[in-house]
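Me: I have a structure open and want to walk through it. Can you take my questions as they come?

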Amino acid sequence: MPLLEFTSKGIYCKQADVYLDPWRGVDKAIISHGHSDHARWGSKHYITHEINVPIIQHRLGKISVTGKKYGETFSINGVQFSFHPAGHVPGSAQIRVEHKGEVWVFTGDYKTQIDGISTPFEPVKCNTFITECTFGLPVFQWEDPIKVHDSINHWWAQNQAEKTTSLLMGYSLGKIQRLLKHLDPSIGKIYTHGATEQMTQVLRQFIDFPETELITRETTKKAVEGNLVLAPPAVLGSAWVKKLGQLSTVYASGWMAFRGARRRRAVDRAFVLSDHADWQGLLSAIKATGCENVITTHGYTDLFAQYLREQGWNARTEKTQYEAETLETAATE
Ligand SMILES: [Zn+2]
């Protein structure tokens, strides 16, 4: 019997009777991170990293949840579980599962780049590695993120000089805070959309960020002029955006590495910045685990598993309901 099985409710450990990031409500769920395709509503009890506790409480409301530290081992029915940094977003963790000397690691989502807000990814030795591969094609090769942040500040400063408002868009959890952390507040004021502001407030207890001001009904076009607005990509084309006046719009995502992606998202400029591992990041992470078996769960799963088999791993794909956030669905968060 495998230590972890792929069932209709999620990844299941029969010995411990718990699910990892289940997509249906279960009795006991161990959660890798706060994104909505991994932390779903409807389970009776959740166990997750302690930073992720207020994040999922903010998202899921009143739930029963226990927080753990990175590396802290807890036992359920003789199975040992622990969380290890995944470097994806604040509080994100790989879940290590050990029973009778066999070790499996489930990554959730992860990246090997250091983002300045999440605890950096740490490889964990295991026999079987269950990995995402959202960007599992050789074409995905991320730039140095410091250079990306410098370009974003440069873009903002230019807009400021032209009295144009800068609209910078990204996911409400993780991407927005990573962008905010590296903005240069000497250029101007930083305004936020409600969804962005709320999640940032949740994370302020753990991370120092530049000051932000929520856009309200009273906020005037004149007040935001030349300043920067942080918002989720879903606002594009909305009445909320129209109120902001003359804008330069930017979207920051790994998908912007694709030619034509900027035009398809209808933004003025795009920056390639991802909270997932690129091709080399995935390969280096897998090598560092020393694993024999790899299971790919979401992203370019079949192509990536095939490549791994050619390199000598015992690799296969399992179907899950984790969303390999695509260019189109990236706007829904
Ligand atoms: Zn995620």
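Me: Where does Lys163 sit?
Reply: Lys163 is in the loop between H2 and E12. Keep in mind that this is a predicted model.

Me: What is phi for Lys163?
Reply: It is near 60 degrees, a positive value in a residue other than glycine. Most residues other than glycine have a negative phi.

Me: Is Lys163 buried or exposed?
Reply: Lys163 counts as exposed, because it has 10 C-beta neighbours inside 10 Å. The cut-off for exposed is 12 or fewer.

Me: Which other residue has a positive phi although it is not a glycine?
Reply: Asp21 is one of them, at about 40 degrees. Asp21 lies in the loop between E3 and E4.

Me: Buried or exposed, that Asp21?
Reply: Buried. Asp21 has 25 other C-beta atoms within 10 Å, and 20 or more is the cut-off for buried.

Me: How do E3 and E4 pair?
Reply: They run parallel, joined by two bridges. E3 covers residues 18–20 and E4 covers residues 28–31. Leu20 stands opposite Ile30 in E4.

Me: What packs on the sheet there?
Reply: Helix H1, residues 52–60. H1 touches E4, E5 and E6, and its direction makes about 135 degrees with that of E5.

Me: What is the strand order in that open sheet?
Reply: E1-E2-E3-E4-E5-E6, with mixed pairing.

Me: Which strands stand at the edges?
Reply: E1 (5–6) and E6 (65–68). Each has a single partner strand, so one side of each is left without a neighbour in the sheet.

Me: Back to H2. How many residues does H2 have, and what does it reach from its first C-alpha to its last?
Reply: H2 runs over residues 145–161, which is 17 residues. It reaches 25 Å, close to the 24 Å expected at 1.5 Å a residue.

Me: Which H2 residues are buried?
Reply: His149, Ile152, Trp156 and Asn159. Seen down the axis of H2, they fall within an arc of 85 degrees, so they line one face of the helix.

Me: And on the other side of H2, which are exposed?
Reply: Ile146, Lys147, His154 and Ala161 are exposed there.

Me: What covers the buried residues of H2?
Reply: The cover includes helix H3 (175–181) and strand E12 (165–169). It also includes strands E15 (228–231), E16 (247–252) and E17 (269–271).

Me: New topic, H8. Which residues are buried in H8?
Reply: H8 spans residues 279–289, and its buried residues are Gly281, Leu282, Ala285, Ile286 and Thr289. They cover an arc of only 130 degrees around the axis, which puts them on the same side of H8.

Me: What do they pack against?
Reply: Three strands: E10 (102–106), E11 (128–133) and E18 (293–299).

Me: What follows H8?
Reply: Gly290 does, with a positive phi near 65 degrees.

Me: How many residues of E18 are buried?
Reply: Six of the seven, so E18 is largely enclosed by the rest of the structure.

Me: Which strands pair with E18 in the parallel sense?
Reply: E11 does, over five bridges. E19, residues 314–317, also runs parallel to E18, joined by four bridges. Val294 in E18 is the bridge partner of Phe129, and Ala315 in E19 is the bridge partner of Val294.

Me: How many bridges do E10 and E11 have?
Reply: Three, and the pairing is parallel. In E11, Phe129 is the bridge partner of Val105.

Me: And how do E9 and E10 run, parallel or antiparallel?
Reply: Antiparallel, with five bridges joining them. E9 is residues 93–99. Arg96 has Val105 in E10 as its bridge partner.

Me: What do E9 and E10 form?
Reply: A hairpin with two residues between the strands. Lys100 in the turn has a positive phi of about 50 degrees.

Me: Zooming out, how many helices and strands are there in the protein chain?
Reply: Nine helices and 19 strands.

Me: What is its radius of gyration?
Reply: The protein chain has 20 Å. A compact globule with 333 residues would be near 20 Å, so that agrees. The C-alpha atoms fill a box of roughly 65 × 45 × 30 Å along the principal axes.

Me: What share of the residues counts as buried?
Reply: 46% of the 333 residues.

How values were computed: Residues are numbered from 1 along each chain as its sequence is written. This is a predicted model: local features need pLDDT of at least 70, side-chain atom pairs count only at pLDDT 80 or more; totals for chains, interfaces and linings use all residues. Two strands pair if DSSP finds at least two bridges between them. Two residues are in contact if their C-beta atoms, placed from the backbone, lie within 7 Å. Axes are lines fitted to C-alpha atoms, for helices over the stretch in contact, and angles run from 0 to 180 degrees between N-to-C directions. The arc is that of the directions from the helix axis to the C-beta atoms. The radius of gyration is taken over C-alpha atoms; the globule rule is 2.2 Å times the number of residues to the power 0.38. The expected span of a helix is 1.5 Å times one less than its number of residues.
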